[in-house]
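Try each task before reading its solution.

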Amino acid sequence: MISLISVGIKDCIDRSITEIVCAKEDAERVYSTFKYVLGDHFSDFSSISLVNARCDQFISLISGLSSALTDDDITIVYFSCHAIEDSNDLNLIFSDEDGAGRGMLSVSLLKSVLTKSKGEYVLIFDCCHSESALVMANKQAASNRNNISVIASTEYYLRAGFDEKGSFFTNSLCDAILQVFDAEEDITVNNIVAAIKKQNVSCYVNLSEGKADIQLKASTGGYDNLPRMFLSKMNTNNRHIREMMWYSINDIPAKESLEIVDGFIANSTTISEADW
């Protein structure tokens with residue numbers, strides 16, 4: 001199963017640190033996007049969108065989750081937060097940061113927690129200087145176990161960009177996940193990163209040492225993404241094309257047909273549709 005902890009830190013105690021106006025929405029969008037494309041592979045029980053969490057809350061959550069994992073489980077952890085570099089380490093800033101470092105979590109400490117856990121971890125950092133976190137995927141010695149892969153949004157000397165519409169990187173990330181899904185490709189770390197780069201958005205990746213890729217979900221080649229693609233084509237004003245499309249759903253499984261009808265009713269700007 002795939003678990004997701006989607007973290008968005010909008011502000012903190014230290015008011016000298018700029019508010020990230022889109023952090024909550026970004027964390028929630030990442031959560032809903034992965035939940036949608038992963039389907040039955042996504043664990044609702046062990047996944048959460050975590051907004052303005054304290055550092056100790058996050059550590060408790062990640063430690064508690066790790067005790068329930070198996071070697072076959074994958075946990076995605078997404079961060080939308082501020083980060084600062086200090087003594088060659090990257091420190092993530094949580095809501096209880098008060099200017100004295102009490103609400104900071106170094107990626108080296110996070111690595112020490114995760115490498116003691118079962119399963120694989122895919123960490124996505126949308127924060128300043130996040131390229132510095134790529135070292136988490138490296139082994140310190142040949143005998144060491146490493147179960148961490150990292151996707152980073154910015155070079156080590158740059159700040160992350162965002163506005164009221166969201167983080168530039170996270171918007172691209174979510175679009176890339178949906179593009180891979182719609183193309184009926186395997187949902188893997190490498191395929192997601194490639195789709196981000198096709199949008200001319202910076203993205204850096206370091207897979208767990210010894211790994212060629214991390215597969216989150218294999219392509220089924222079936223009807224998984226049909227409702228979304230069908231509804232995207234229904235925006236045409238051509239009555240004959242719409243009639244043809246409505247007739248076509250008679251030949252697809254009932255589950256997907258109902259999803260299409262429900263999606264049309266919920267999202268269409270058309271007041272009514274002819275009963276063909």
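**Exercise 1.** Work out how the axes of helix α4 and helix α5 are oriented to each other in this predicted model.

*Solution.* Start with the axes: those of α4 (residues 168-182) and α5 (residues 189-197) come within 8 Å and cross at roughly 120°. Angles of 65 to 115 degrees would count as roughly perpendicular, and those over 145 as roughly antiparallel. The two helices are therefore oblique to each other. Next comes the hand, and the crossing of α4 and α5 is right-handed. Finally, look at the residues that meet: α4 brings F169, S172, L173, A176, I177, Q179 and V180, while α5 brings N191, I192, A195 and I196. Sorted by class, this contact has eight nonpolar, three polar and no charged residues.

**Exercise 2.** Find which residues of helix α3 (residues 107-114) are buried, and how they are placed around the axis.

*Solution.* The buried residues are V107, L110, K111, V113 and L114. They cover an arc of only 160° around the axis, so they sit on the same side of α3. Now ask what lies over them: the cover includes α2 (55-66) and the strands β3 (74-80), β5 (89-93), β6 (104-106), β7 (120-126) and β8 (148-152).

**Exercise 3.** Describe the surroundings of E209.

*Solution.* Setting aside neighbours within four places in sequence, E209 contacts A137, N138 and K139. Last, compare sequence with space: E209 and I148 are 61 residues apart along the chain, with 8.3 Å from C-alpha to C-alpha.

How values were computed:
Residues are numbered from 1 along each chain as its sequence is written. This is a predicted model: local features need pLDDT of at least 70, side-chain atom pairs count only at pLDDT 80 or more; totals for chains, interfaces and linings use all residues. Side-chain values use heavy atoms; hydrogens and water are left out. Axes are lines fitted to C-alpha atoms, for helices over the stretch in contact, and angles run from 0 to 180 degrees between N-to-C directions. Helices (H or I, at least four residues) and strands (E, at least two) are DSSP runs, numbered from the N terminus. Angles under 35 degrees count as roughly parallel, over 145 as roughly antiparallel, 65 to 115 as roughly perpendicular and the rest as oblique. A crossing is left-handed if the near helix is turned anticlockwise from the far one by less than a right angle, and right-handed if clockwise. Contact means heavy atoms within 4.5 Å. Ala, Val, Leu, Ile, Met, Phe, Trp, Tyr, Cys and Pro count as nonpolar, Asp, Glu, Lys and Arg as charged, and the others, Gly among them, as polar. Buried means under 20% relative accessible area, exposed over 50%, partly exposed in between (1.4 Å probe, protein chains only). The arc is that of the directions from the helix axis to the C-beta atoms.
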